[in-house]
Amino acid sequence: MNQICQVAVDIAHANIDRLFTYRVPEGLSVCAGSHVLLPFGAGNRPKEGFVIRVGSAEEPDAEESAALKDVLRLIEPYPVLTEEQIGLA
């Protein structure tokens with residue numbers, strides 16, 4: 001089953017005040033609070049982000065699946081945010 005995550009991208013811009021959905025590649029283990037590196041925007045510039053939620057994607061349609069980008073890698077091997085900090089955010 002495919003795993004997806006909701007990520008708060010580390011960008012200080014008023015128009016980007018929402019969570020973004022990324023696909024978690026096989027072999028990568030992320031959890032809420034993980035600090036990750038992501039391809040962001042049309043140029044896929046590497047940006048840092050924080051995983052807020054992790055879930056499973058059940059058979060997304062081809063168009064939806066093609067639109068999702070993969071998390072590139074973990075920056076820290078352990079969660080850097082606690083559940084309480086995520087709730088406050």
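Two strands count as paired if DSSP finds at least two bridges between them. Helices (H or I, at least four residues) and strands (E, at least two) are themselves DSSP runs, numbered from the N terminus. This is a predicted model, in which local features need pLDDT of at least 70, side-chain atom pairs count only at pLDDT 80 or more, and totals for chains, interfaces and linings use all residues. Residues are numbered from 1 along each chain as its sequence is written, and side-chain values use heavy atoms, with hydrogens and water left out.

**View 1. Strand β1 sits between β2 and β4 in the sheet order.** On one side, β1 and strand β2 (residues 20-24) run antiparallel, joined by five bridges. Here you can find Q3 opposite V24 of β2. One spot to look for is I4, whose bridge partner in β4 is G55.

**View 2. Six strands make up an open sheet with mixed pairing.** Read across, the order is β5-β2-β1-β4-β3-β6. At the edges are β5 and β6, each pairing on one side only. Further in, β3 and β4 run antiparallel with six bridges between them, and V36 has G49 as its bridge partner in β4.

View 3. Skipping residues up to four places away in sequence, V7 touches R18, L19, F20, Y22, V36, L38, G49, F50 and V51; contact here means heavy atoms within 4.5 Å. V7 and T21 are 14 residues apart along the chain, and their C-alpha atoms are separated by 6.2 Å.

**View 4. The largest nonpolar core has 13 residues.** Such a core is a set of buried Ala, Val, Leu, Ile, Met, Phe, Trp, Tyr and Cys residues joined through side-chain atoms within 4.5 Å. Those with the most contacts inside it are C5, V7, Y22, V36, L38 and V71. Two or more residues come from each of β1, β2 and β3 (35-40). Leaving out neighbours within four places in sequence, the contacts of L38 include V9, Y22, P46 and L72.

**View 5. F20 and F40 form an aromatic pair.** A search of the whole structure turns up one such pair. Rings of Phe, Tyr and Trp (its six-membered ring) pair if their centres lie within 6.5 Å; planes under 30 degrees apart are stacked, over 60 edge-to-face and the rest tilted. This one is edge-to-face, at 5.1 Å centre to centre and 90 degrees between the planes. F20 belongs to β2 and F40 to β3, 20 residues apart, and both are buried.

**View 6. D70 and R23 form a salt bridge.** The structure holds one salt bridge (a side-chain nitrogen of Lys or Arg within 4 Å of a carboxyl oxygen of Asp or Glu). In this pair the closest N and O atoms are 2.6 Å apart. D70 lies in strand β5 (residues 69-70) and R23 in β2, 47 residues apart. Both ends are partly exposed: D70 has 32% relative accessibility, and R23 has a relative accessible area of 23%.

Definitions and conventions
Buried < 20%, exposed > 50% of the residue type's maximum accessible area, 1.4 Å probe, protein only.
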